[in-house]
Amino acid sequence: EYNRLKAEAGKSTAELQDKMQAKTREMGNKEHAIQQYRTRVDELTAERESLAAKINALKERKQASAERIKELTTGVAQLKAEMKQTESSNAHARSRQGELRATVAELQAKISASKVEQKDSEREKRSKEALENLSRLFPGVHGRMTDVCKPTQRKYDAAVTIAMGKNMDAIVVDAEATAIE
């Protein structure tokens, strides 16, 4: 009977051992799957934390960019105001420069006219002195052609000047001998 009981016990334990081995294998597989899931959860948690850090960094960057945009916008507005002011002052300076150039041109024209007038008056002065000296030295000297020959009306001045030409400043004497002397 011992052997029979032993055989029966062996059969029942074999079945139980088979079931136990199957359950152990199943449990091992499930533990392996659980371990894989835990690893995947850890990976996803790390990825979520990394993404959260990136999101925070991007938010900070966005905020910094928004502040920089505000600063640059303010700077642009100030520069535009300065540019308008500079353009206004440049326009005023250009108009002032134009006025000054016109004044300078006017003054230069006056100076030039004064110089010409001065040269003419010096030339006339020398001419009169020479004529006085000639009148004192030679009794037949009457004066310059322009002084001796004056038209009765002013409208004939141009005609007389053109007709006389270069001889308009000639000295009039009463005799050819006086002119030669």
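1. Helices here are DSSP runs of at least four residues and strands are runs of at least two, both numbered from the N terminus. On that basis the chain has 4 helices and 2 strands. The model is a predicted one.

2. Along the sequence the elements come in the order α-β-α-α-β-α. The radius of gyration is 62 Å, well over the 16 Å that the globule rule gives for 181 residues, so the chain is more spread out than a compact globule. Taken along the principal axes, the box filled by the C-alpha atoms is roughly 195 × 30 × 30 Å.

3. On confidence, the mean pLDDT of the chain is 87, and 100% of the residues reach at least 70. Of the elements, helix H1, spanning residues 2–137, has the highest mean pLDDT, at 90. Helix H4, residues 176–180, has the lowest, with a mean of 74.

4. On burial, 6% of the 181 residues count as buried, where buried means under 20% relative accessible area. The chain exposes about 16,100 Å², and 56% of this area is supplied by carbon and sulfur atoms.

5. For charge, the chain carries 34 positive side chains and 29 negative ones. The centres of the two sets lie 6 Å apart, in a chain whose C-alpha box is roughly 195 × 30 × 30 Å.

Technical notes:
Residues are numbered from 1 along each chain as its sequence is written. This is a predicted model: local features need pLDDT of at least 70, side-chain atom pairs count only at pLDDT 80 or more; totals for chains, interfaces and linings use all residues. Side-chain values use heavy atoms; hydrogens and water are left out. pLDDT is the predictor's confidence in each residue, from 0 to 100. The radius of gyration is taken over C-alpha atoms; the globule rule is 2.2 Å times the number of residues to the power 0.38. Buried means under 20% relative accessible area, exposed over 50%, partly exposed in between (1.4 Å probe, protein chains only). Accessible areas come from the Shrake-Rupley method with a 1.4 Å probe; for residues, only the protein chains shown count as cover. Lys and Arg count as positive and Asp and Glu as negative; His and the chain ends are not counted. The place of a charge is taken as NZ of Lys, CZ of Arg, CG of Asp or CD of Glu.
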